[in-house]
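Hi,

Could you take a look at this structure when you have a minute? I'm handing it over to you here, and my notes on what turned up are below.

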Amino acid sequence: MKVLTSDRLDQFFAALAETWEVRVPILLPDGTRVIGSADDGPRTLHGGAVLSKPTAAFFPQHATIFSAVEGTLQEPQAPERPLLVFGFTSRDLACLCFIDRFFADGLCDDIYFRQRQGAVVAALSGYCGTGGTLLLPAGGNCDLELFWDGDCWLLIAYSEAGKEIITDLPDSVPQKTLELFGQASEQLPDENEKLIKRASELLRSDRVPDSFWAEIGDRCIACTGCNLACPTCTCFGVQDWRSARQIERSRMWDSCMLDGFMRESSGHNPLGSEALRTRRRIHHKLAADFKKWGEISCFLCGRCDAVCPTGIGIVAIAGELVARFG
Amino acid sequence: MKRTLTVCPYCGTGCRFYLVSDKGRLVGVEPSVTHPVSRGGLCVKGWNAFGFVHHPDRLTTPLVRHDGTLQPASWDEALSLVIERLRSVQERHGTDSVMFASSAKATNEENYLLMKLARAVFGTNNIDHCARLCHSSTVTGLAETFGSGAMTNSISCFDQTDVIFVIGSNTTEQHPLIGSRILNAVRNGTRLVVADNRRIRLARQAVLHLRHKNGSDVALLKGIMHVIIAEGLADLDFIAARTENYAALAESLTDWTPERAAAATGVAAREIVSAARLYAGAERAMIVYSMGITQHSHGVDNVRCIAALAMLTGNVGRPGTGVNPLRGQNNVQGGCDMGALPDVYSGYQKVSDAQLRDKFTRSWGVTALPSTPGLPLTRAMDAASAGKLRGMFIMGENPMLSDPDQGHVRSVLQHLELLVVQDIFLTETAALADIVLPAACYAEKEGTFTNTERCVQRLRKAVEPPGEARADWEIICDMAERAGYQGMRYSGPAEIMDEIAILTPLYGGIAYDRLEPHGLQWPCPDRSHPGTPILHVERFTRGLGHFSPVTHRLSAELPDDLYPFVLTTGRTYFHWHTGCMTRRTHLLDREEPRSFIEVHPDDAARLGVRNRDELLVSSRRGKVRTEARVTAMVIPGVVFMPFHFAEGAANALTNNVLDPESSIPEFKVCAVSVEKLP
């Protein structure tokens, strides 16, 4: 296995930039961490998951679908150099797998795959979470994993592209790193995983009354942050901008917490109350997706709980739900 | 990919986020995780704040009216014409025959410059902005009672209080990140009292919801204060040490028993008593208010009562207390601070004060400055009707939709000799202009905004303006130069702020290098000062807090047989004011695509009206068609309309009757009739 010491990181990333369009966790001027270009701020591999979803590299908030300029159709091109995105945690990778499958199901979403195809995904794991806490090893679901043991990075490739990237790095791995990686890989599921599974069971067995959703709905200010921050939310709206010479069609992240999301042109709305919308958001992740895909589509990345101004992210709701209904 | 840390352009909460751009185009928004208000979150408008910036409707070139139509022109032609025609109007009709309307959407630097242009270059104090329409009652009322017309406390204080009294503020919709803070406080044990006859979201979480009649705030507050005194709940030590004129206040309240207040407000007497006990019984209590208090013909009296209630209970000058008017626009606090008002220079320095006038005269390098206060914006239309005002320069405002009595506004604007509008879109007002100047929007320029808690924050340029559009500050400087004035040459907004700091004691310590990462709260008198999170800590700005007794007055136009409903107006969560940005943001416009009116189910049943029926709403000023929204949000006899929509414009109905002191219009009460259209 390959190893990378901190003093060689600059050299490593500089070499990658020759072949790839590299995105990496960076520190912005006010202390916010995001996944961005190395030019935009100092690299910050430590500190855990970033608040903005890493899947935005392939499914950005706003993207052009096509332009028609004086009758000629133009579609956006794939990136000149393929993307190499660092910063996924093991939970983010589970989200990425989920939306890869979703966007490929049936009619393949070519706008998504224009970015995703050929991209290399690199995970961060080990003792590089907030305050040195453990980020669970990925163990796959990506091209490359960087595991931090406290002194150096252990690099594990899971694909040919991943292998190629680390081929020139030295092979020696400290015994401590291997031991820590082994221990970390055996970590048991945490309390939140038990909680979300129990909440899913309660929903699927119809044990949660509508009054519960009315209470939660009263606390929702419809900011839509839960959807926009969620890596497994894939809904988008479409708009056309028309000018004398040009029509531009684009899409942007949408939110099932908005009244207009399901409103019919007649004005009728099957999700016409906050209670119904709140129920739907949680039900979709924990029950409907379970039925359709065989798994819950919340992988506990924590982003909706972090962005929600009123404390009704999915873990908080699951907590209240399990506490009240079992 | 580039990320630019900036300030949200919508409400006065002042959330900060990063604009994400790629190849010169905005592609998204990411909230600041470290900002003390945003804390990683935003409201729906913030999340979509990039959505209108590249809209094809953006103005890209100056326009000049030829043969009745607006036609593209060069900057040189347009600006030369603006100066020539403004001068011509002044030469023929007098210096004060022109007026400048500044903008609470523009930066501090731009508000300062337009104020300077009006006074130093065109010699008039006819400068005002839309604060006249929202918190002029606050500026007048709190300046008199406290000495400073701004939010006394900080947004973080909502985490440290025992009782929050919200009156006339739909906080979760209009200041969502403050509203959510209140919701969180309630979850953590803070008790919430809401006084607002609409059943707003906060009311659902309140221990007490007072649904008093529109325009009866003075009666309600007097009743509450009567109970506080009668039950011995007043903070007599605070009153003795920190205030004056208490005896007169107490005298004015003697006959305002809960029963009398109940009769005047429609609220049960026991609820008035409960509200008094809840508020006065708390160790720390905050009052939050907004347009429901200010937009009345007795708006200043409402504010005087709010100030008195806080002083009566010693709820001023400590964390978790205070009088907290929530400023509406992103920079309406800054617009006022910068002196875009007819009677003051920056920092509320009076134009009538010879010493202050002399300071500005010398600093600006002019021979004299006018000493008589100018026209308030809301009196401009009548002044134009009377022939006293002949030319208007409007920067970033849309009075055609935002001002009361639209028919009158349209007629006046059409008959002006000269109307110049500087904006980012061809608004309903710009469409009437003789000359239109294309401006850069918030994402395309540098500057500062001052939020509702008096925090001065940096705005940053993320992308280039479209076509030939330019930042407002650049256009104003160019105008000054063309008018022959050489005192407006700046390398950029940072240098303008340096000038503001020299001339404005409140902003004396504000400089761009001190605003990282998230700004400074005024007063900030010098460069070593850390800013002021809470006002009036040891003493009021004016020395002693002043109790100003008031008399209960009814609203100017009450329902009658012809117009049997009270119309109250406001905003929705998804749109911003006249909608020129939000109605061009796909998701926001999808949410509220058309004008509507809220009607109580009992009234709807009586009128035979069902949800989504088309209605004709009429007042003595005009008629509009709009869509019925049948809801118990409103009480019987009251209807509510938002004013965002050009089609179905609420302000075609409203009444331009003004508070005599603040000149704010009575947007919150007028009489209308409602009928179902076939």
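Let's start with A:D206, which sits in the loop between helix 6 and helix 7 (210-218) of chain A. Helices (H or I, at least four residues) and strands (E, at least two) are DSSP runs, numbered from the N terminus. A:D206 isn't a glycine, yet its phi is positive, near 60 degrees. It counts as exposed because it has 8 C-beta neighbours inside 10 Å. The cut-offs go like this: a residue is buried if 20 or more other C-beta atoms lie within 10 Å of its own, exposed if 12 or fewer, and partly exposed in between, with C-beta atoms placed from the backbone.

Before you go further, please keep in mind that this is a predicted model, where local features need pLDDT of at least 70 and side-chain atom pairs count only at pLDDT 80 or more, while totals for chains, interfaces and linings use all residues. As for names, residues are numbered from 1 along each chain as its sequence is written, and chains are lettered from A and ligands numbered from 1 in the order in which they are written.

B:Y348 lies in the loop between strand 14 (344-345) and strand 15 (349-350) of chain B. Is B:Y348 buried or exposed? It is buried, because 21 other C-beta atoms lie within 10 Å.

Now for two helix pairs. In general, two packed helices are described by the angle between their axes and the distance between the axes. Axes here are lines fitted to C-alpha atoms, for helices over the stretch in contact, and angles run from 0 to 180 degrees between N-to-C directions.

In chain A, the axes of helix 6 (residues 191-204) and helix 9 (residues 274-293) come within 9 Å and cross at roughly 70 degrees. That is why helix 6 of chain A is roughly perpendicular to helix 9 of chain A (angles under 35 degrees count as roughly parallel, over 145 as roughly antiparallel, 65 to 115 as roughly perpendicular and the rest as oblique). The crossing is right-handed; a crossing is left-handed if the near helix is turned anticlockwise from the far one by less than a right angle, and right-handed if clockwise. From helix 6 of chain A, the contact uses A:I196, A:A199, A:S200, A:L203 and A:R204, and from helix 9 of chain A it uses A:H283, A:L286, A:A287 and A:F290. Two residues are in contact if their C-beta atoms, placed from the backbone, lie within 7 Å. By class, these residues are six nonpolar, two polar and one charged. Ala, Val, Leu, Ile, Met, Phe, Trp, Tyr, Cys and Pro count as nonpolar, Asp, Glu, Lys and Arg as charged, and the others, Gly among them, as polar.

Helix 9 of chain A also holds A:R279. A:R279 is buried, because 21 other C-beta atoms lie within 10 Å. A:R279 and A:W213 are 66 residues apart in sequence, but 5.7 Å apart in space, C-alpha to C-alpha.

The other pair is in chain B: the axes of helix 9 (residues 217-230) and helix 13 (residues 269-281) come within 8 Å and cross at roughly 65 degrees. This crossing is right-handed too. Helix 9 of chain B brings residues including B:G223 and B:I224, and helix 13 of chain B brings residues including B:A276 and B:Y279. Their contact has 10 nonpolar, one polar and no charged residues.

Which residues touch the most other members of the largest nonpolar core? Of its 313 residues, they are B:I224, B:I306 and B:V639. A nonpolar core is a set of buried Ala, Val, Leu, Ile, Met, Phe, Trp, Tyr and Cys residues joined through C-beta atoms within 7 Å.

Where the chains meet, 40 residues come from chain B and 39 from chain A. Helix 7 of chain B gives the largest share of chain B's side, seven residues.

Last, look for two cis peptide bonds in chain B. One joins B:E516 and B:P517, with omega about -10 degrees, and another runs from B:W522 to B:P523, with omega near 0 degrees.
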